[in-house]
Every structure is written in C-alpha cells, then in structure tokens.
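Welcome! Please take a moment with the sequence and the model below, and then we can walk through them together.

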Amino acid sequence: MRGLLGIQDLPRTEIERILDTAEAMVEISQREIKRVPTLRGRTVINLFLEPSTRTRVSFEIAAKRLSADAINVSSSGSSLSKAETLADMGQNLAAMNADVLVVRDRTAGVPKMLADRLPMPVINAGDGCHEHPTQALLDVFTVRQSLGTLDSRVVAIVGDISHSRVARSDIHAFTKMGAEVRVAGPPTMLPAGIDVLGVKACFSMEEALDGADVIIMLRIQRERLEQALFPSVREYSLTFGLNLRTLALAKPDAIVLHPGPINRGVEISGEVADAEPSRILDQVTNGVAVRMAVLYLVTGEQA
Ligand code: CP
C-alpha cells in the first residue's frame, strides 16, 4: 500500500487484506505487554489540524504498539500560525526522515496534496466532508466481527449525510463489500443524486430501518454548517433520532454503530447508546487494530 487516501479507489480485495491483517493485530492489544517490535525504528507523524479524540489517540496507540516512534503535531503551537504553508511544513517533516504521515484537516484534498508532494506514505485521518477511510474500515471490521459476512446485509446510515466524510467512506466500503446501503436524513442533509453511489435515499426512519441489519447513526456536523438545516434539535431528534421506539423498526438482532462523538438525546438516546445492540465502544477498540494494520501495510512495502 502506498498510503491510504480514501476508500473510493480501494478494491474489495485490498479492503479484505486490511481487515484480515487487523484480525491478527487484535490479539496484540489483549496481551499483558501490548507491544511488538514490527515497526521499531520507524517514525509516524500524526498531523492533526482539526479536533480529534478517537482517531488521533488510536493512531498514536497503534504506532506505539508496533514499537514505532509516534510524534503528534497540532495546528496550535506549530509554525502554521507563522504563515508557513502546509506543503512547506510537510516537506520539513519529510526532511526529518519520517516514515509515515497521518493527517487530518478541515479541507478536503489536503492528504492528497501532501501525498503528491512528499516521499513518504500519507494516511488520511479525515479531510473535510470528503473521506475518513480508517473509520470506514473499522466500521466494516466491527460489522464483520458481529455478523460474519456483509454480503446482502442491509446497512442504514442516518443523519447529516451531506457533511459527513464518514458517510461517504462508509458508503464506498459497505457497497464494495456487498451490502445494501440506505441513507436517511432530512432532505437538506441528503445530497441530490446520491443514488449514483449505489445507495437508496430514504426520508423517514420507517423507510430506512425496515429490515435493517446495521444502523449507523451520525452526528450533525455543526462545524461544517453555514445555516440551520432543520427547524430545531427537538424536531430533528423526534424525526431522525434513534431511540427504543425507532430501534424496533429494524431487525430484532440489528446492531448500532456511531463513529463518535455521540450527542446523547439528539441523534441517539442514551438508552440505545448504552444498550446491547450498541457496538460503539467495540468500534473504538477495533480502531486501534485497524490502524495498526494500516500502519503495518503502508510501511511494510517500503521495507
Ligand atoms: N470518529 C472520529 O473521527 O472521532 P474523532 O473526531 O474523535 O477522531
């Protein structure tokens, strides 16, 4: 693998290779001494120019469990505040012989721009409304862990589809893996023509969740909204929130995912987030294994 910029151009065989590698990584995190020497002497730079808890911490843990040196860089305290360009900053990080650059940015296309200029593999940790590939991989991994095969499973993605990089990467990942994908939300949050991605657009929870095996709830991306896209949080929650009543619309053994951070009482009720069908914390656990697998694969081909 020469970096990981998105799921859109990743063949199913590559997705399966990453998931299978992640299976082998799970066991490392269950040991008393959670460390193997695989990437000893390698340097991973985590450049996070947008807030993150799960992705940033799990990439750092993943690098350390493989014995790589993990260096975290954020916008505050960096020379971006002195008008250095991202491209120049990337060249400087590369000049320190870093082996991998993990990057999150609020602007779509930044990881690709850096990958085109830098000699080391770049991993996209979320770029604007574009893609969040490792989130989609850990989502698919989590569903595969719970349900086995994804072929013909019905996956409903509910919420702010327009502004969600997770939705975009999940759509690519789950359709490639053979699932039937539905997206649902208010019309203001569903991009026109989204059906060209091979998904069904739904405008009610009843339509989206009928017969669903997997429900993926999304947060409203307030940081990316220029105007209100729904009348009130209460109305949004009543119409598109997941609670015990709306959960009952799906299959009885349906599972619930959410990339986090969750907004309890808005898109998901606390009683669903904390209940048995929820796989939200499994997603977080699996995120470490999936990111270990991605770091291993992008550095392995260089060795
Ligand atoms: N799912 C996700 O990307 O969470 P963070 O923003 O906390 O990294």
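Let us begin with His172, which is buried because its relative accessible area is 10%, where buried means under 20%, exposed over 50% and partly exposed in between (1.4 Å probe, protein chains only). This histidine belongs to helix 6, residues 165-176; helices (H or I, at least four residues) and strands (E, at least two) are DSSP runs, numbered from the N terminus. Beyond its neighbours within four places in sequence, His172 is in contact with Ile7, Gln8, Glu131 and Leu197, contact meaning heavy atoms within 4.5 Å.

A word on what you are looking at: this is a predicted model, in which local features need pLDDT of at least 70 and side-chain atom pairs count only at pLDDT 80 or more, while totals for chains, interfaces and linings use all residues. Residues are numbered from 1 along each chain as its sequence is written, and side-chain values use heavy atoms, with hydrogens and water left out.

Now turn to the ligand. Which residues surround the ligand? They are Ser52, Thr53, Arg54, Thr55, Arg104, His132, Gln135, Pro259 and Gly260, where a residue counts as near if one of its heavy atoms lies within 4 Å. Thr55 places a polar side-chain atom 2.6 Å from an oxygen atom of the ligand, and His132 has a polar side-chain atom 2.9 Å from a ligand oxygen atom. Pro259 takes part through its backbone: one of its N or O atoms lies 2.8 Å from a nitrogen atom of the ligand. The ligand taken alone exposes 260 Å², and the protein buries 91% of that; these accessible areas come from the Shrake-Rupley method with a 1.4 Å probe.

A cis peptide bond joins Gly260 to Pro261, with omega at about -5°. Pro261 itself is in the loop between strand 9 (255-257) and helix 10 (270-273).

Two further loops are worth a visit. Ala83 has a positive phi of about 70° although it is not a glycine, and you will find Ala83 in the loop between strand 2 (69-74) and helix 3 (86-95). Is Ala83 buried or exposed? Ala83 counts as exposed because its relative accessibility is 69%. Asn97 is another residue other than glycine with a positive phi, near 60°, and Asn97 counts as exposed because its relative accessibility is 60%.

Methods
Polar contact = N/O pair within 3.5 Å; in protein donor to acceptor, adjacent residues only side chain to side chain.
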